[in-house]
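Welcome! Take a look at the chain shown here, and then read through the short notes that follow.

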Amino acid sequence: MSKSESKSEPKPEPGKKPKSLAKPQSGDNRRGAIAGLIIALVILGVGWWLARDLTAASKMQDCLMSGRTNCNVIEPAR
């Protein structure tokens, strides 16, 4: 036997079907991608909410530090 014959895969016997390679399930790939997308959207939403909240707190603090006593947010009339 030569080295190339010993390393090659055995030939299927006549009458038997060769084993096919297992295909990865596409559902698992999609499930992971969707989970990653949902996690990314949640992190983005929390970051956006936190940025708005910190900006509002910063504006309030700037108003109070300037010595004003009425720093409430004034809503425009409709």
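**A first look at the chain**

The accessible surface of the chain comes to about 8300 Å², and carbon and sulfur atoms hold 60% of this area. Accessible areas come from the Shrake-Rupley method with a 1.4 Å probe, and for residues only the protein chains shown count as cover. This is a predicted model, in which local features need pLDDT of at least 70 and side-chain atom pairs count only at pLDDT 80 or more, while totals for chains, interfaces and linings use all residues. Residues are numbered from 1 along each chain as its sequence is written, and side-chain values use heavy atoms, with hydrogens and water left out.

**Overall make-up**
- The chain has 2 helices and 0 strands (DSSP runs numbered from the N terminus: H or I of at least four residues for helices, E of at least two for strands).
- Of its 78 residues, 3% count as buried (under 20% relative accessible area; exposed is over 50%, partly exposed in between, with a 1.4 Å probe and protein chains only).

**The disulfide**
- The chain has 1 disulfide (a pair of cysteine sulfur atoms within 2.5 Å).
- Cys63 and Cys71 are the partners, with an S to S distance of 2.1 Å.
- Their link is left-handed, with -85 degrees about the S-S bond.
- Cys63 is buried because its relative accessible area is 11%, and Cys71 is buried with 11% relative accessibility.

**A nonpolar patch**
- Ile34, Ile38, Val42, Val46, Trp48, Trp49, Leu50 and Leu54 make a nonpolar surface patch of about 860 Å².
- Patches are made of residues with over 30% relative accessible area and no salt bridge, where like charges are joined within 9 Å and nonpolar side chains (Val, Leu, Ile, Met, Phe, Trp, Tyr) within 5 Å.
- A salt bridge is a side-chain nitrogen of Lys or Arg within 4 Å of a carboxyl oxygen of Asp or Glu.
- Ile38 lies in helix α2, residues 26-65, and is partly exposed at 48% relative accessible area.
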